There are 2 protein chains.
Amino acid sequence: MSYTAPLKDMLFNIEHLARIDQIAQIPGFEDAGLETAQAVLEECGKLNRDVIAPLNWEGDKNPSFHNGSGVTTTPGFKEAYKQFTEGGWQSLQHPAEFGGQGLPKTIGAACGEMLNSANMSFALCPMLTDGAIEALLTAGSDELKSTYLEKLISGEWTGTMNLTEPQAGSDLAAVRTRAEPQPDGTFKVFGTKIYITYGEHDMADNIIHLVLARVQGAPEGVKGISLFVVPKFMVKADGSLGDRNDVHCVSIEHKMGIKASPTAVLQFGDHGGATGFLVGQENRGLEYMFIMMNAARYAVGVQGIAIAERSYQRAVQYARDRVQSRPVDGSLPAAGPIIHHPDVRRMLMTMRAYTEGCRAMASTAAAAYDASHHHPDAEVRQQNAAFYEFMVPLVKGYSTEMSLEVTSLGVQVHGGMGFIEETGAAQYYRDAKILTIYEGTTAIQANDLVGRKTARDGGQTAKALAAQVAQTESELLASGNTDAQAVAKRLKAAREAFVDVVEFVAGNTKAHPNDVFAGSVPYLMLAGNLMAGWQLGRALLVALTPEAQAQDAAFMAAKITTARFYADHILSKATGVRDSIVEGAGSVTAMALDAF
Amino acid sequence: MSYTAPLKDMLFNIEHLARIDQIAQIPGFEDAGLETAQAVLEECGKLNRDVIAPLNWEGDKNPSFHNGSGVTTTPGFKEAYKQFTEGGWQSLQHPAEFGGQGLPKTIGAACGEMLNSANMSFALCPMLTDGAIEALLTAGSDELKSTYLEKLISGEWTGTMNLTEPQAGSDLAAVRTRAEPQPDGTFKVFGTKIYITYGEHDMADNIIHLVLARVQGAPEGVKGISLFVVPKFMVKADGSLGDRNDVHCVSIEHKMGIKASPTAVLQFGDHGGATGFLVGQENRGLEYMFIMMNAARYAVGVQGIAIAERSYQRAVQYARDRVQSRPVDGSLPAAGPIIHHPDVRRMLMTMRAYTEGCRAMASTAAAAYDASHHHPDAEVRQQNAAFYEFMVPLVKGYSTEMSLEVTSLGVQVHGGMGFIEETGAAQYYRDAKILTIYEGTTAIQANDLVGRKTARDGGQTAKALAAQVAQTESELLASGNTDAQAVAKRLKAAREAFVDVVEFVAGNTKAHPNDVFAGSVPYLMLAGNLMAGWQLGRALLVALTPEAQAQDAAFMAAKITTARFYADHILSKATGVRDSIVEGAGSVTAMALDAF
């Protein structure tokens, strides 16, 4: 059940697609060049291979459980978490001002992928802490920052996001948890929150809950929601822990996957009120939460890539080992390893192409994030922000949807063995299914893509991206290479399909919302397909250069083949999806409600 | 967690697509008209709703387990099985000569769907018994028939299929279990069989194992495999049970799904040899097994339809109940049930269209089976056999692959609740994954489709089917109905894509096997997509008739919408798949083996 970080592919993306050399020219990132990336990724790969990955199956067999008063995590998790934080891995992307290492997301995202490949259940704890850090950095007062940030960034304490309530899932307007102002400026928080990842556990001394609630008298709907810090233990002025706060985990869920990650039901205020501290201004909670969520959505997209990679590695190993039947082309004298069978190759290539395509997409998006936050030129920041914002729903939605297909193929490659839990392939299939749901379902990502990212600017950002894709097509055609030209052909068809859909979306969202939202998820899938394919097209161009060939000819040959496979077998889906969206909206909503 | 049999849809198919009126003209089926079908299906629906379905979630929570000496099944299974057999449900399709009811497959398949919707784990036991009955009817001696058939057909005893060994999965040539001839004409069987469904359980008094083994001195490979009956308890001359035979269950598997169905490791001959009785002639075992397997493959396809139906019903219920967010078209004044959201409708329609399409395909295939076995005219029998044979890998492969997508959407409709086991949607997702694996993986079905069903006759059967599809297109176009014309357009594109692929397959299987088998599964998916879409096109034509409209206008309106949706959103995938197969073979196998 080993995991080896795909360092070569990650570094290829970081060097050639994310262009770390350009990021290293941004003030503050001077030390974050390719060498740093390589050193960090190598260390990270070792930790994940040796310490975190071996606990993954253990977590499935021995899930975290509610012990009556709290939650006991899977054996080994506490110790591994200690090693993780002592190695400074929680602090990677956070500001030096609060003890962080201040590395760019371009590097951090690759480390995040490794951690999630190694152990998705484990990785959720640091991921949620990252979210809490982000919220406090964005909107926390100096006092909140000084009280919480260092301990969160070191990993000594962990964080959570408390959004969902039984009646308020995708629809946060329905949040009912209430906060009563107190004379000392704090609030008493009352309510029930569900699906709280690592809402209770035994890996850290304190848990800092970020909680959406309504201050008494606040407006109805999303405009009356505020954000609060509710620590599990109160923090004294000297930073030491004080009284237990009135927030308690009453149960954890029995889930299909990520079983080691405790998903808590938290009860706030059953014993007089949980003390909460307002983050930023009243009634702006959703806005702050969305900042956290954007980061979390990107991170969940990376989880999709991560679980796909792990599933791929296991499938390849099995396909090399398992001997069954003679190859159809007679290339072996007798039965051979199943990796010789064309259909097994098709499955492995599909898994690989999806994974590499999404990784390349996520890596370029991370670079845009870094430039959008740190570049000295405001116009460059703005351009990169537009790119990043467009990519977030694709990284989240497409990478997680593809992870369902990849982990299913991962089981399939194993045949009957895949259905036996001890083999391990089934765990990835079960784990992956949460990814298209949490931090906003695929439909919620698609709403974002349609509404804020496409209709709002009349499709301008989308069309600008299409123009960049067209530029890559030209370069591919001009290369004289047959694989490149084949990729260009598929890119062109997919791009044209994409532009048709963008025009359909931009032109109809107001007048015919049902028609547009009937195709919102297919639009997301088409857009993600194109963007991932585009990055593989760019990768192919790099791989053709003499410099790249000299650097690692075998790797570059594999990259070219993967890009070609992606184009022939995945990008080729795009035109059908276009028809489905542009010509098929009517039949989505035509059925009478009582006929279902 | 209720289940209601989709009687209207089943009877629509049986009446209009499978044409039960024609089947009832076949000698022996005189009583098997529409009225019989309706009466049987109604009764069957009640049993499954009231008795079998309520045990489904129980089986997931309390799987069958090895108790040290045997297997204890899920609480309630034994009693339910008693009701099932006492109701005569095991005997439905089997010959009256041995106590069966002799009903056509056209009716039996619908009952099989219900049982599997209600409880797939439970349904596997009767399904395997059907297989054993089929094998004995095909090749058993009169003595074997008289000893075993009545008890199997009544359900008093159950049957198993013993093919797989640790080194012999898809590749049965590698079977090592051996059979030593004894002076009395029996054999002593020695070996280990794995993945034996209901290989041990406590629901019946005896278990009749059908076992593939090699007689000493038999040729290598598949031509040296014979088929044996190995009963758990020896049967005395008077039909009563005698000594325990030397076949023992040493363990059962810990699986991702169908947990109540015990998957046994059986040890034959550890205490001197298990007594076995040769079925038919030596070395023809694989041939007999394939007869059983064809029936079993069809039945597994039906399992895919069944689990998709159950998943759909649950998702619809949740979508009606769960209130979240205001519809985008403002059609409700406030938040409403999520079934009002276009993307939820898209998911439900996708689930429904796949399920109805595959059900229609399976129903027509069942009618062909009945005609191929029982029609008095040899030419009619032959034509129907060719149709049925072509459809078996599609019913199996396409219906099970679609069930993965449908059950995944079934979880997705539930949002976070879908990932919580108690909700029940996750069980279908886990259960479904075995369907693309057992009784031959999708790749094995695709090999069959390519080799025996397409290349062998130069694509003639496939092209004859395409001509029939074209005929339906003409009728749709001539109807003057816009939905019909839209469906015709998509059918035409899919049919042309199909014919291109058939020509590619027929023309290249010998000369370029790798290229053809690189696209074998996509070919299967394309063919299944077309055939299911074709049947929905035929259904649409029926639904447009004044007679049908008069019969049930609301049902017919829903059928038309479903057919239209299928065409717009599922058939529209066909052209991309064609490109992938015909133009993309090279990139499937181009990757250097050590680059994976």
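**Aromatic ring pairs**

Author: In this predicted model, Phe122(A) is buried, because its relative accessibility is 0%. Phe77(A) likewise counts as buried, at 0% relative accessibility.

A pair of aromatic rings is described by the distance of the centres and the angle of the planes. Over all chains there are 27 aromatic pairs. In one of them, the ring centres of Phe77(A) and Phe122(A) are 5.5 Å apart and the planes meet at 75°, so the pair is edge-to-face, given that angles over 60 degrees fall in that class. This pair joins distant parts of the chain: Phe77(A) belongs to helix α5 (residues 77-86) of chain A and Phe122(A) to helix α7 (residues 120-139) of chain A, 45 residues apart. Both residues also belong to a cluster, in which ring pairs link Phe77(A), Tyr81(A), Phe84(A) and Phe122(A).

A further pair involves strands. The centres of the Phe187(A) and Phe228(A) rings are 4.9 Å apart with planes at 65°, so this pair is edge-to-face. Phe187(A) lies in strand β5 (residues 187-197) of chain A and Phe228(A) in strand β7 (residues 226-231) of chain A, so the contact ties together parts 41 residues apart in sequence. Phe187(A) and Phe228(A) are both buried.

The charged end of Arg244(A) sits over the ring of Phe233(A), 5.6 Å from its centre. Arg452(A) lies over the face of Phe290(A), at 5.6 Å from the ring centre.

Methods: Residues numbered from 1 in each chain as written. Chains lettered and ligands numbered in written order. Predicted model: local features only at pLDDT ≥ 70, side-chain atom pairs only at ≥ 80, totals over all residues. Heavy atoms only, no water. Phe/Tyr/Trp six-rings, centres within 6.5 Å; stacked < 30°, edge-to-face > 60°. Helix = DSSP H or I, 4+ residues; strand = E, 2+ residues; numbered from the N terminus. Buried < 20%, exposed > 50% of the residue type's maximum accessible area, 1.4 Å probe, protein only. Lys NZ or Arg CZ within 6 Å of the ring centre and 35° of its normal.
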